[in-house]
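Hello,

Here is the structure I said I would pass on. Please look through it first, then read the notes below it.

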Amino acid sequence: MLYFLKVHFFMTNDPDKPIFERSCCPIACALDLLGDKWTLLIIRDLLLGKKRYQEFLESPERIATNILADRLKKIESAGLVIHQAYQQKPVRYEYALTKKGEDLKPILQALVKWGKAHYPDTEVFESVENDLPDKSGSCSFNFIGNIKS
């Protein structure tokens, strides 16, 4: 049986400490962070190998610059990504998923599988680094593997 409680906790500086904004339900907590229409698309792009601000802007969904900046700050403060300067004048950053961010991969894989089953004319995007070996040494053409509808 599922129980839903309304619980409020204050923000902390510890990204590993849970922050319950409206409920202690894990689905509600995940949706508080990931439930808008842009955040998971940014995570998708990071999983596909995009790293730089301009690369995110080139995605077909055409995210506005102010929304992209806001979401990158939000997911960084939640511990899903880190940024590192790759240029000093002007300062520009590359973004990378943390372990916590990488842990979203199977969730996005499940969404792709569900989406392909119910929207069969959709496309699965290929990695921007599809000819580079991953950490295991094998090449990957998309982050979902060989999911068939």
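The notes below go from the whole chain to single contacts.

Please keep in mind that this is a predicted model.

The chain as a whole: its secondary structure comes to 6 helices and 2 strands. The chain has 149 residues, and 30% of them are buried. I also looked at contacts between residues at least 6 apart in sequence; 42% of these join residues at least 24 apart.

Two helices that pack: a packed pair of helices is described by the angle between the axes and the distance between the axes. Helix α2 covers residues 39–47 and helix α4 covers residues 65–77. Their axes are 10 Å apart and meet at an angle of about 75°. Angles of 65 to 115 degrees count as roughly perpendicular, and α2 and α4 are therefore roughly perpendicular to each other. On the α2 side, the residues in contact are T39, I42 and I43. On the α4 side, they are L68, R71, L72 and I75. By type, the residues of this contact divide into 5 nonpolar, 1 polar and 1 charged.

Aromatic rings: how many aromatic pairs does the count come to? The count is 2 aromatic pairs. There is also a charge placed over a ring: R52 lies over the face of Y86, at 3.6 Å from the ring centre.

Regards

Key: Residues numbered from 1 in each chain as written. Predicted model: local features only at pLDDT ≥ 70, side-chain atom pairs only at ≥ 80, totals over all residues. Heavy atoms only, no water. Phe/Tyr/Trp six-rings, centres within 6.5 Å; stacked < 30°, edge-to-face > 60°. Lys NZ or Arg CZ within 6 Å of the ring centre and 35° of its normal. Axes fitted to C-alpha atoms, helices over the stretch in contact; angles between N-to-C directions. Helix = DSSP H or I, 4+ residues; strand = E, 2+ residues; numbered from the N terminus. Parallel < 35°, antiparallel > 145°, perpendicular 65-115°, else oblique. Contact = heavy atoms within 4.5 Å. Nonpolar A, V, L, I, M, F, W, Y, C, P; charged D, E, K, R; others polar. Buried < 20%, exposed > 50% of the residue type's maximum accessible area, 1.4 Å probe, protein only.
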